[in-house]
Amino acid sequence: MNDPSSLPLTPKGKNNLQTNTNNAVKKIQSIQNSKFMKLLRPILGVVVSLYIVFRLYQVLVVQHEYGPDTWTRLLISGLIIGGVYALIAIGYTLVYGILFMINFAHGEVMMFGAYAGLYSFWAFKIIPVAGNPPTNFLNAYPILAIILAFLIGMTVSATLGYFLEKIAYRPLRKAPRLVPLISAIGASIFLQNAAMLLFSPQLRDVTNPEILRRGAGWTIVVNGSNVVLPYTGVFTFVLSILLLVGLYILVRKSKLGRAMRATALDKKTAALMGVDVDSTISRTFIISGALAGAAGVMWGLHNGLVYYFVGFIPGIKAFTAAVLGGIGNIPGAMVGGLVLGIVESMGPAALGIDFQLKDVLSFLILIFVLTFRPSGLLGEVLSEEKV
Amino acid sequence: MKAMKFLAVFMVLALLLAACGQAAATEAPAATEAPAATEAAATEAPAASGAPEACADALGCAVFAAGDVIKIGMGAPMTGGNASYGIDISQGATIAMTDAGNIDGWTFALDAQDDGGTAEGGAAVANKFVADPAIVAVAGHIFSGATAAAMPIYEKVGIPMLSPSATNPALTTTGSTVFNRIAFTDLNQGNNAADYIFNTLKVKKLAVLHDGSDYGKGLADIVAAQFVKDGGEVVIEQAITPGETDYTAVLSTVASKTPDAVYFGGYTAEGAVLVNQMKTTGLDKAIFFGCDGTYGEDFLTRTGANGEGAYASIAPASPDSEAKTKFNAAYLEKFGKEAGSLSPYTWAGYDAAAALAAAVKQVAVVADGKLYVPRAALVAAVRGLTNYVGLSGTFSCQSNGECNVDKPQFVVVKDGKWTNAQ
Amino acid sequence: MKTLIRQSIRTGITFGIVQVFFILIAFNTMIGIMLAKVSGIKNPGEIPAPKFLIAYTILMGLWVGIAALSKKKSLPAGQKLVAGFTASLISAILVGLLEIGMTAILVNKIFIRDFLTVLSFDFIKATLFGLTPSMGILVTIGCILLGSLVGVGLNILSNLHAVQEHWKKDLAFIKNISEKVQYSIHGKYHLIWQIVGISLLAVAVILIPMKWGSYWNYVFGTVGLYVILGLGLNIIVGLSGQLVLGYIAFFAIGAYTMALLNAPEPHNLMWGFWPALLLGVVLSALSGLLLGLPIMRLRGDYLAIVTLGFGEIIRILLKSDVLTNFTGGPRGIQNIHGPSLFGKPFNSEVDFVYLIIAGVILASFVYNRLQQSRTGRAWLAIREDETVARASGVDTIKYKLLALAIGAAFAGLAGGIYASRNQFTGPDEHALMASINVLSLIIVGGMGNIPGTILGAFTLKGLPEILREFANFRLLAFGALLVFMMLSRPEGLIPSHRPKYSKPKETAADLQKKEVPHDK
Amino acid sequence: MTNNIIQVQGVSKIFGGLTAVNNVNLDIAEGSIYSIIGPNGAGKTTLFNCISGFYVPDHGTVLFQGLVLNGRSTDTVASLGLSRTYQNIRLFSNLTAIENVLVGQQPRLKETWVESIIRTHRSKNEEKTSLEEGFKWLDFVGLSEFADSIAGDLPYGAQRRLEIARALGSKPSLLLLDEPTAGMNPQETLEMTALIRSLRDKFNITIILIEHDMHVVMGISDYISVLDFGNKIAEGKPEEIQHNESVIEAYLGPGGAALAQKYRRKKAS
């Protein structure tokens, strides 16, 4: 053998014993460590679940705070808001699935859609239609007016989404992942302030057509008290579900859907297989923008309030919903949105906490779910490579 | 190479902008006899070297040469989620500056700076104003957080403040000599509102909501406490998340307690949504009782028929004085919006700025072609404001800086209009 | 030629839209006012004189002209002229169309301002330069064309051989000098240069705050606090690669610890500044650990959204009714007492600037030491490939928690100083946008290095202050700049470099003596 | 008794319905070069992952120097003296070569983060010696001139060697190499073979090897196991494996053995 001491190694068969004793000590420590870490999660889970059950028992059985009528109202309100969250969340999920970036400006895209809807309805209200008594376009042809408003809102948002991708994200496709995120944040700030300067910071009310009057609705009697099922809410919920199902079919069945999935899996290979990656990404942004636009118009119809900041909070919530359901996963976004909506509306009541803390509750649910299912409720649909 | 180029462009741009800022800051008055801007000034000002006889003030004077403009500062959120308050109040104050006229040719101008409504922004703006010798007084700040951080900075150099909207009760308890406000104090408004609800409206079960803000929560807590003291029952107290447009969930839980009335401490933005959604959540028979934050034309347009029978409390000024009508017209002409449609504080913003201008007029001295505004005298003049009749009330400042201590007037929506309630 | 014209038309349309947008947000009058102020008019009012608006329009034309020719260096002058002219004509026509619409509003006295706020009659008149509508439109188009021609001319001129040669010479000269300087810095005078540099810096740091007014001291103090925050987040994001979006929560914990322990309301504990600061740092670090424990398995954007949630949870809790008696609720806490050192109380911005500078130095020191040690390398390995790092024997959970805790401790330090400097802290100080600001600053500056963080903090916190002149345009400009910076320098203003390790000297000698590669 | 450094006892790993590794037993003597071969998808890398702690086996145990490895986290496994490389190179590609090797030394270092900040005498010493060792390893794999190059920019062969240097940083007694010569030209393959052999000869490191290149396998292995569809179908010395019929069938399909026989005869004649 030639001088093993020159190399920083244990020479043949010499020091293994010593290493072993060291290792043994280490081993014991690490066993303790890993046991602690491994037990931590289940213990946390049991404690939290027990607490939730305890609170539910207290509120529902012992205190019996709210009757079934209240619960029905809460459920309705949760489903409606959840439907809108789901629709916005789809935009995040589509973009995330294909580019692995958080499109932070998505809420602002929705906000512009809401403005487009607002102004469309105003304009329709101004257009006079002869009749007895003379009426306006909005109320003479309400269905046409609503369809037009949705088309305008979706077009505006889709266009915005398209240009957003083209200007702010496309040049950064090869940059480190945080760079497009910051670009998106910049775009979000820009769009918010642009809307503020263009349309003034005033809070505006949407003029609904008479048939979709806000506050009106079917009345059902639960537990001897009237529960209103608002028209706008039902409309919003049904339309969201229809759009989501439509999108799901599009992604599953159409050629564009296949191209999108291929691009999401592996851009290089997809390009080799003849998929136009750039245009697929553009179209993804157009679709997610259009959905956000629809969500914006619905938001206006149901909640009646539009201003430049209206997209920010739903944007954050919808992203939470997308992650909750499993990002990249379209049914996941839907489930996530609905779960989040219901948690927000029923959670505080069920656990007997202040409604002020509903966001705390929804984020805690998120943390809780992700602690046990790190890829969301329905699991993420992402390519291996990215991870 | 690219890096160099980029950096160069960036630096040049930054320098240029900074230069603009400097130019703007220094261009105004030619000199300050007692330089209030520097740190030294705060302590050495009285010894102001060669101060002319016109200026014999403990804190020195702001000096304006011919052609200079007397500036009144305002720190307000001009960007972000609360921008409508800042923009609206500063617009109201701008009109006050035009109406204030001039002192022997020296005109007034408003310098409204964005403080984002936060302490960080408030302190930044305050430091900027302190460095600008042309700023004699500050109509603000708008939010309590920014105000609290700005107060000690103005205190050092003697710039009086008159806030139209910072309602945090603690602001007037710190012994500040410069801070005054024409905003309603929560205590005064809240106690009276609770009494009114219990005694006049004969409400026995009250639900109390607030928007979680400094202002709304303060008011709601006081109302709840007083209502219980009066002998009523507060069935539920809930906070809502501001800025949202769907409160049906929280209203449903409120409805399950079957209150006779709902008191809300907060602003029109949320108040109008609440009123609208009360109808679909089983609260259609409960009375909505708001505060001065929910008062305004905007509330009427946003609630329509749903708003009928809603209450609010306002400062006792004649709701439609001649001056107010004139102001509303001017506001619409200039900014294209109905006064009060951006925030309920439009008129208060006008009042704060106008009252400050009046105080400046009171103490300013003209000598050898220059205008002197003695700072300590101005601070005293603002604190000494008595029976000043503004658009939003009549103000007399007390020794702690509270200038609006009248009993509130309660108003109710009747046939689509605010009318005085009995 | 055809493609050139098509490209130019596209540029023209883009810029036309941009200019229409600018007019609809009254950017033209704002720039006009700035131009007026720069040219020495003291109080230009809200609508500047027509000549300044004309100057603005020419500047816009110049921009179109230059933009139409970007990336087209090699074209002959004639074609450049055509390209510039086409682009500017198209955008001028778009602006002209807008102005025709505005004229219609003006003539028919339509009240459009419920839709587009800025379009008051005065504003429309000013945009038409106070001329008759047709003349106004013609002048607008003329100005844009004129401006673009100037732009094209400048472009042609700067590409002339002689001019370029001149530039090259200048550049070579500068490069030469900088190389010499670099050589001497790295060369044998290394130590001397270092000493000189540090002492110059020290003198500047000591002297400059005294010269600044309180405003600039305040601004740079804020920048300093954000440097500390940036370094802390850099440990978490830049070194260990965990994307944390709720970082400001740790800042809030530091600030509130200081506030609760050191203000008369609500508890009147009055511990004094230094113990409160220390406890704030410790509590922040602990909360970093607590947050980290359940979510260690998450990665990337999941971690981002969870930490975002954590930040919001802290903010909402601080504000909530539940904790009002403890934290002061939405009111926040006022009258927080400042520090005193050897009996001297800190009461001016200058004092705090020194305190903050000390904080920055401490933070940089710790950051630097950690980065260059075993710990730093373990973090980098986790950032690069967590699975492999683990299989290489890095206890990833321990190091990730460590990064969170140390990063959080930095934030706690900044928070404590911040609260006592402002004498106030409230829940809305610690909103999501603040977290995003810190994240943006480290990425804009260049992730993972100290100079980058400092430059980023200056850019992100200093820029909005510089942009104050833009009034309500400032966040708009800020957002646009953020996008622009990412597009032009995605690696940040100062990109990170890996350190060089020199082979230990005696080893090399040893190797030559002893080690000759042998095979059996 | 032969000193078995690692014993794989009845290890199975099942993914969904697919049994990737089925009841595999291995006994690997200390100081040997042990190859695992088999057609693509035979479960070789899965077995590797079971040994190195990436996967927890569904059945069976892995004993390393008499200690049970099942369920140990990979960093513990690494600190026990077991290192590995990867089929598709997984370097820390934005770090320099020397930094990669320094990371490999992590399990042996004792410096804590507090010491890193204060920079105590011990941490200075440790830093210095680990740097020395790092450079020695780079020298050993012939990369000392690339010490400050970014790992991701190195040529392919160099990246393979750097991965080995990194694995050696922890002074392992067992080294798992996953296709170390994949994608190399004959010259590079020769160098790599020599390197592997010298690792064993000079430092007495036991080596387990997954390899497709039969020249390499037959040239340096002391002992070989063959996997097919997760089952161990043969084991033995290289010569034995060369003539094992089930192995040949696994590689060449049914009837392959006869084919090979014919080919061999032809070659011999």
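Student: Which residues does Asn127(B) touch, not counting residues up to four places away in sequence?

Tutor: Let us begin with how the description was made. This is a predicted model, in which local features need pLDDT of at least 70 and side-chain atom pairs count only at pLDDT 80 or more, while totals for chains, interfaces and linings use all residues. Residues are numbered from 1 along each chain as its sequence is written, chains are lettered from A and ligands numbered from 1 in the order in which they are written, and side-chain values use heavy atoms, with hydrogens and water left out.

Asn127(B) touches Ile153(B) within its own chain, together with Ser214(C), Tyr215(C), Tyr218(C) and Glu349(C). Such a contact means heavy atoms within 4.5 Å. The residue belongs to helix H4 of chain B, which covers residues 119-130. Helices here are DSSP runs of H or I with at least four residues, strands are runs of E with at least two, and both are numbered from the N terminus. Because its relative accessibility is 1%, Asn127(B) is classed as buried. Buried means under 20% relative accessible area, exposed means over 50%, and partly exposed lies in between, with a 1.4 Å probe and protein chains only.

Chain B holds two further details of the backbone. Gly140(B) and His141(B) are joined by a cis peptide bond, with omega at about -5°. His141(B) sits in the loop that runs between strand E5 (135-138) and helix H5 (144-157). Asp368(B), although it is not a glycine, has a positive phi of about 30°. Its loop lies between strand E13 (365-367) and strand E14 (370-374), and the residue counts as exposed because its relative accessibility is 61%.

Asn127(B) leads us to chain C, whose residues it touches. Chain C contains 21 helices and 4 strands, and its C-alpha trace spans about 80 × 75 × 50 Å along the principal axes. Of its 520 residues, 55% are buried. Among the contacts of chain C with a separation of 6 or more, 75% are between residues 24 or more positions apart. Its accessible surface is about 22000 Å², and carbon and sulfur atoms hold 69% of that area; the areas come from the Shrake-Rupley method with a 1.4 Å probe, and for residues only the protein chains shown count as cover.

Which chains share the most contacts among the 5 pairs of chains in contact? They are chains A and C. In this pair, 53 residues of chain C meet 64 residues of chain A. The two chains bury about 5200 Å² between them, with 75% of it on carbon and sulfur atoms. Buried area is the accessible area (1.4 Å probe) that two parts lose on being put together, summed over both. On the chain C side, Phe115(C), Arg297(C) and Tyr302(C) lose the most area to chain A, together 13% of what that side buries.

In chain A, Lys125(A) lies in helix H3 (residues 106-126). It touches Asn136(A), Leu138(A) and Thr207(A), when residues up to four places away in sequence are left aside. Lys125(A) and Pro209(A) are 84 residues apart in sequence, yet their C-alpha atoms are 8.5 Å apart in space.

Chain D does not touch chain B, and their nearest C-alpha atoms are 21 Å apart. Chain D has 11 helices and 10 strands. Its radius of gyration is 20 Å, close to the 18 Å that the globule rule gives for 269 residues, so chain D is as compact as a globular protein of that length. The radius is taken over C-alpha atoms, and the rule is 2.2 Å times the number of residues to the power 0.38. Of the residues of chain D, 57% count as buried. One of these is Glu179(D), which counts as buried because its relative accessibility is 9%. It has a positive phi of about 50° although it is not a glycine, and it is found in the loop between strand E7 (174-178) and helix H7 (186-203).
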